[in-house]
Amino acid sequence: MLAEGTLGGRVALVTGGGTGLGRAMAIELGRLGARVAVAGRRSEPLEEVARELGEGLAVPCDVRDPEAVAAAFEAAERELGPVTTLVNNAAGNFLVRAEDLSPNGWRAVLGIVLDGTFFCSRELGRRAIERGGGGQIVNVVATYAWTGGPGTVHSAAAKAGVVNLTRTLAVEWAPHGIRVNAIAPGPIDTPQTRERLWPTEEIRAAVLAKVPLRRFGREDEVANACAFLVSDYAGYVTGEVLTLDGGAWLEKGMFGLGPAPGS
Ligand code: NAP
């Protein structure tokens, strides 16, 4: 855990910051001294997080709309100062077979994840470059960006685009001192994922059977990884994807060894 004050003087904008992992990252950046604006469509959860943050700000916006994104940055900068740090966390997802996915469903997920990440990044980039540079972006992806994600073709394709965006912008904006990285969480236990993704003991056990560390990840672990990447401790890190999944995506062994002795 980084020390309080590590992010003093920073202004951060976290998309999807009213719930789940976005909320956890916003609170942690705030604890470390950043002034934090949280963006999302619904005002209520954003206001709640802003209250919890103390010096926080709710900036309701739909990240699919570039003008709304510009207005959210404008509001954040007016109240809190120049935004130096952006966490592109907002996402939409649902389980569907590819042959049943409607064009609207496809566009909705691509719009939030890929367009939204680009519009927000572009906004930070333009403003930071105009001010003489400096900034950090963390994009939230998932390991199916490179493994493929049967049942979530829209999200998997969009996250793959975001990984590419991460690497492309890391190089393009390096001369401006803007670092761009990503985190790829695995199964993280939040009230939302518990209800939506692993609602029964049986499903939880099936998920954990695929995780070498044999446990779910925690919100605070994701928040710590995000805080590290935006902090100066990661000052020489750009274009990277930090995976937090208990080894899950590497678990591809053909020959089961059975349970480890003593496990
Ligand atoms: P979540 O609670 O559903 O968070 C999604 C957030 O995005 C919500 O706050 C939502 O707020 C916001 N959002 C959705 N559409 C938006 C739009 N058009 N404009 C602005 N904001 C929008 O999900 P989560 O589990 O915390 O996931 C957060 C991130 O982690 C996502 O990028 C997800 O893909 C990634 N991830 C999560 C896990 C996991 O196990 N939890 C694993 C891998 C990756 P509104 O509805 O109010 O707009």
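Q: What makes two residues count as being in contact?
A: Contact means that heavy atoms lie within 4.5 Å. In this predicted model, and leaving aside neighbours within four places in sequence, T85 is in contact with R10, V11, A12, L13, L124, Q136 and V230.

Q: Why is T85 called buried?
A: The relative accessibility of T85 is 2%, and buried means under 20%; T85 therefore counts as buried. T85 is found in strand β4, residues 85–88.

Q: How do you know that the side chains of T85 and R10 make a polar contact?
A: The two side chains are 3.4 Å apart in this contact.

Q: What makes the pair D232 and R10 a salt bridge?
A: Their side chains meet at 3.4 Å, N to O, and the cut-off is 4 Å; the pair therefore qualifies. D232 lies in the loop between α9 (219–230) and β7, and R10 in the segment before β1 (11–15), so the pair ties together parts that are 222 residues apart in sequence.

Q: Are D232 and R10 buried or exposed?
A: D232 has a relative accessible area of 66%, and exposed means over 50%, so D232 is exposed. R10 has 12%, which is under the 20% limit, so R10 is buried.

Q: Why is the pair R23 and E52 called a salt bridge?
A: The N to O distance between their side chains is 2.7 Å, which is within 4 Å; the pair therefore meets the definition. R23 lies in helix α1 (residues 20–31) and E52 in helix α2 (residues 43–53), so the pair ties together parts that are 29 residues apart in sequence.

Q: Why is L250 called exposed?
A: Its relative accessible area is 60%, and exposed means over 50%; L250 is therefore exposed. L250 is in the segment after β7 (241–244), and together with W146 and W249 it makes a nonpolar surface patch of about 300 Å².

Technical notes. Residues numbered from 1 in each chain as written. Predicted model: local features only at pLDDT ≥ 70, side-chain atom pairs only at ≥ 80, totals over all residues. Heavy atoms only, no water. Patch = residues over 30% accessible without salt bridge, like charges linked within 9 Å, V, L, I, M, F, W, Y side chains within 5 Å. Areas by Shrake-Rupley, 256 points an atom, 1.4 Å probe, with all protein chains shown as cover. Helix = DSSP H or I, 4+ residues; strand = E, 2+ residues; numbered from the N terminus. Buried < 20%, exposed > 50% of the residue type's maximum accessible area, 1.4 Å probe, protein only. Polar contact = N/O pair within 3.5 Å; in protein donor to acceptor, adjacent residues only side chain to side chain.
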